[in-house]
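Subject: Structure handover

Hello,

Here is the structure we talked about. Please have a look at it first; my notes follow below.

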Amino acid sequence: MGDNVGDTEERAAARKAAIEAFEASGGTYGYRRITAVVDVGEWTVRDIMRDEGLAARSAKKRRRYSSYEGEISEAPPNLLRDERGKHHFHADDPNEL
């Protein structure tokens, strides 16, 4: 891909190490992590990745959770209202409606 004919010995070693680190990560490491793994400067790693066409894979977008399974049924009757439609909050005994 890249033209690495003019690479110095040091640059060729850096190129090999950066490519190996990228492949070992499964293509997920970007230039920052490769720079941390390989003892080479940031711009050297950027140049190597650009020359070789290496780009980190990004994570898939997740779908939002939805519990929808079909048509929505009618709302259940409100048990806290009496026959006149008024709320009834009085309880004869504790913990009972």
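How many salt bridges does the count come to? The count is 6 salt bridges. Bear in mind that this is a predicted model.

One of the salt bridges joins Glu42 and Arg46. Their closest N and O atoms are 3.3 Å apart. Both residues lie in helix 3. They are 4 residues apart, which is about one turn of the helix.

For ring against ring, the count comes to 0 aromatic pairs.

Now the helix packing. Helix 1 covers residues 9-24 and helix 3 covers residues 42-52. The two pack at an angle of about 70 degrees. Their axes are 10 Å apart. An angle from 65 to 115 degrees counts as roughly perpendicular, so helix 1 is roughly perpendicular to helix 3.

Which residues meet there? Helix 1 brings Arg11, Ala14, Arg15, Ala18, Ile19 and Phe22. Helix 3 brings Thr44, Asp47, Ile48, Met49, Asp51 and Glu52. The residues of this contact divide into 6 nonpolar, 1 polar and 5 charged.

Then turn to the contact of helix 1 with helix 3.

Best wishes

Methods:
Residues numbered from 1 in each chain as written. Predicted model: local features only at pLDDT ≥ 70, side-chain atom pairs only at ≥ 80, totals over all residues. Heavy atoms only, no water. Phe/Tyr/Trp six-rings, centres within 6.5 Å; stacked < 30°, edge-to-face > 60°. Axes fitted to C-alpha atoms, helices over the stretch in contact; angles between N-to-C directions. Parallel < 35°, antiparallel > 145°, perpendicular 65-115°, else oblique. Contact = heavy atoms within 4.5 Å. Nonpolar A, V, L, I, M, F, W, Y, C, P; charged D, E, K, R; others polar. Salt bridge = Lys/Arg side-chain N within 4 Å of Asp/Glu carboxyl O.
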